[in-house]
Amino acid sequence: QVQLVESGGGLVQPGGSLRLSCAASGSIERINSMGWYRQAPGQQRDLVATITPRRSTTYAESVKGRFTISRDKNTVFLQMNSLKSEDTAVYYCNLNTFAISGSRAEYWGQGTQVTVSS
């Protein structure tokens, strides 16, 4: 059993900053990647950023230069600066794992609301 616990969402004014955290625990054999996705009302869930164990990162074009993903052991962080109203969404933590046996699994956090508004 794997659990992802997110924290750090909230209400912030445009131009402000927030830092999201996601701690993974449980039976994790090997991590393939950790990351963040977001879903605005009526929209699909989209990639925000991912990070691999070797700290290779990918970002959505819309957040490049403003968001930074990082990782410390089984915790992944998303530092969000210069926030815009269009960043308003529920942010979901994502974990991809694999086992020596070859099996793969994907896990999602419960989601944390980020609202950017004056």
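1. D87 is buried, with a relative accessible area of 0%; buried here means under 20% relative accessible area, exposed means over 50%, and partly exposed lies in between, with a 1.4 Å probe and protein chains only. The model is predicted, so local features need pLDDT of at least 70 and side-chain atom pairs count only at pLDDT 80 or more, while totals for chains, interfaces and linings use all residues. Residues are numbered from 1 along each chain as its sequence is written, and side-chain values use heavy atoms, with hydrogens and water left out.

2. D87 forms a salt bridge with R38, with the closest N and O atoms 2.9 Å apart. A salt bridge is taken as a side-chain nitrogen of Lys or Arg within 4 Å of a carboxyl oxygen of Asp or Glu. This pair links distant parts of the chain, 49 residues apart: R38 belongs to strand β4 (residues 30–39), and D87 to the loop between β8 (75–80) and β9 (89–98). Strands (E, at least two residues) and helices (H or I, at least four) are DSSP runs, numbered from the N terminus. R38 is buried too, at a relative accessible area of 13%.

3. R66 and D87 also meet in a salt bridge through their side chains, at 2.7 Å from N to O. R66 has a relative accessible area of 9% and is buried. Salt bridges with shared partners join R38, R66 and D87 into one network.

4. The search of the whole structure finds three salt bridges. One of them pairs E61 with K64, the closest N and O atoms lying 2.7 Å apart. E61 counts as exposed, at 62% relative accessibility, and K64 as partly exposed, at 45%.

5. The largest pocket holds about 150 Å³ of space. On a 1 Å grid over the protein atoms alone, a pocket is an open set of points where a 1.4 Å probe fits, with protein on both sides within 12 Å along at least five of seven lines; lining residues have an atom within 4 Å of a point. Grid points are joined across faces, edges and corners, and the volume is the space filled by probe spheres set on the points. The lining has 14 residues, and R38, A40, Q43, Q44 and D46 are the closest to the pocket centre.

6. Which elements give two or more residues to the lining of the largest pocket? They are β4 and β5 (46–51), and β5 gives the most, with three residues. By class, the lining divides into six nonpolar, five polar and three charged residues. Ala, Val, Leu, Ile, Met, Phe, Trp, Tyr, Cys and Pro count as nonpolar, Asp, Glu, Lys and Arg as charged, and the others, Gly among them, as polar.

7. Four strands form an open sheet in the order β1-β3-β8-β7, with antiparallel pairing; two strands pair if DSSP finds at least two bridges between them. β1 (2–7) and β7 stand at the edges with a single partner strand each, so one side of each has no neighbour in the sheet. On average, neighbouring strands of this sheet are turned by 15 degrees against each other, direction ignored. The axes are lines fitted to C-alpha atoms, and angles run from 0 to 180 degrees between N-to-C directions.

8. Within the sheet, β1 and β3 (residues 18–26) pair in the antiparallel sense over six bridges. V5 has A23 as its bridge partner in β3, and V2 has G26. Six bridges also join β3 to β8, again antiparallel; the partner of S21 in β8 is F77.

9. β9 and strand β10 (residues 104–108) run antiparallel and are joined by five bridges. N96 has E106 as its bridge partner in β10. The hairpin of β9 and β10 has five residues between the strands, and G102 takes a positive phi near 105 degrees there.

10. Backbone torsions also deserve a remark. Most residues other than glycine have a negative phi. R55, not a glycine, has a positive phi of about 65 degrees and is placed in the loop between β5 and β6. K73 has a positive phi near 55 degrees and lies in the loop between β7 and β8. K73 is exposed, with a relative accessible area of 68%.
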